[in-house]
Amino acid sequence: MSISLRLFAALLLMQSLADAQTSSDSFIHSRAAYYPNSDEKGTDKGACGFGSFGATINDGDVSAASDLYRNGVGCGACYQVRCTNTAYCSDKGVTVVITDQGSGDRTDFILSRRAFGRMALTTDAAASLLALGVIDIEYRRVSCSYPNKNITIKIDENSNYPYYLAFVIWYQQGKKDITALQLCETENLVCKILDRSYGAVWTTTSPPSGPLSLRMLLGDEEEGQEPWIIPTNNIPQDWKAGETYDLGVQVDL
């Protein structure tokens, strides 16, 4: 083998190793705590704006995040979290949904009590983990899956038809972030970009009229933006505060 060919092979190997180390499938080491005053499930006052839905989604396996909150972009994202003490912890760990913002002693996650205990091998081991309070963990982004559920929006109670519209997105699926939303009139296709108010809450003043089509732009830091996704179901013309609307689409990206 020539020197140039050996050099090319070495560079290719180094690139492959670098790609493996930066892959989204790789685990990242960190620490996690849990809500000390919570019940088994999550909080209904989280910074993502999910309300009571945020306490029960994913059977209560939820978490607050610090840096991973990302000014609300991280709301609804799913992570596999597993503790690293082999005496107490399972290899599988637990999959959690980000529903809140918060941090502790150098932690990336503050889990619900239920999720914290589900990282353990046994019930006794779970009690030992809870007694520790803060533990070493490793985590990675994984795809969110809600069988038999479509992406759904919940109209905020502060919405005022037809002058002001705010809603939160439920059942965000897949492994990508919702980076932008457009609200479009279905008849003449006039569209308006929505503002992320906070967390997973999107708002607009003077929303378009008539039945409305919601368009979602998905993306991530590694692969960039994806094409706009257009749900099959429209938001009705006479949308109402407090109502939920099934958008009729599932996303696995």
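Which cysteine is joined to C48 by a disulfide? The legends below take up that link and several other close-up views.

This is a predicted model, in which local features need pLDDT of at least 70 and side-chain atom pairs count only at pLDDT 80 or more, while totals for chains, interfaces and linings use all residues. Residues are numbered from 1 along each chain as its sequence is written, and side-chain values use heavy atoms, with hydrogens and water left out.

**View 1. The disulfide of C48 and C75.** The partner of C48 is C75, with an S to S distance of 2.1 Å, a disulfide being a pair of cysteine sulfur atoms within 2.5 Å. The torsion about this S-S bond is -85°, and the link of C48 and C75 is left-handed. Because C48 lies in the loop between β1 (28–34) and α2 (53–56), and C75 in the loop between β2 and β3 (78–83), the pair ties together parts that are 27 residues apart in sequence. Helices (H or I, at least four residues) and strands (E, at least two) are DSSP runs, numbered from the N terminus. Both C48 and C75 are buried, where buried means under 20% relative accessible area, exposed means over 50%, and partly exposed lies in between (1.4 Å probe, protein chains only).

**View 2. The disulfide of C78 and C144.** The sulfur atoms of C78 and C144 are 2.0 Å apart and form a disulfide. The torsion about their S-S bond is about 115°, so this disulfide is right-handed. Distant parts of the chain are linked here, since C78 is in strand β3 and C144 is in the loop between β6 (135–142) and β7 (152–155), 66 residues apart. C78 counts as buried at 3% relative accessibility, and C144 is buried with a relative accessible area of 5%.

View 3. C184 is buried, with a relative accessible area of 1%, whereas C191 is partly exposed at 32%. C184 stands opposite S213 in β13. Strand β9 (residues 177–185) pairs with β13 in the antiparallel sense over eight bridges; two strands pair if DSSP finds at least two bridges between them. Seven of the nine residues of strand β13 (residues 212–220) are buried, so this strand is largely enclosed by the rest of the structure.

**View 4. The closed barrel and the pairing of β2 with β5.** Six strands form a closed barrel in the order β1-β5-β2-β4-β3-β6, with mixed pairing. Neighbouring strands of this sheet are turned by 45° against each other on average, direction ignored; the axes are lines fitted to C-alpha atoms, for helices over the stretch in contact, and angles run from 0 to 180 degrees between N-to-C directions. Strand β2 (residues 62–65) pairs with strand β5 (residues 109–111) in the antiparallel sense over three bridges, and I110 in β5 is the bridge partner of A64.

**View 5. The surroundings of T84.** T84 is placed in the loop between β3 and β4 (94–101), and at 38% relative accessibility T84 counts as partly exposed. Leaving aside residues up to four places away in sequence, T84 touches C89, D136, I137 and E138, contact meaning heavy atoms within 4.5 Å. The C-alpha atoms of T84 and I135 are separated by 8.2 Å, although these residues are 51 residues apart along the chain.
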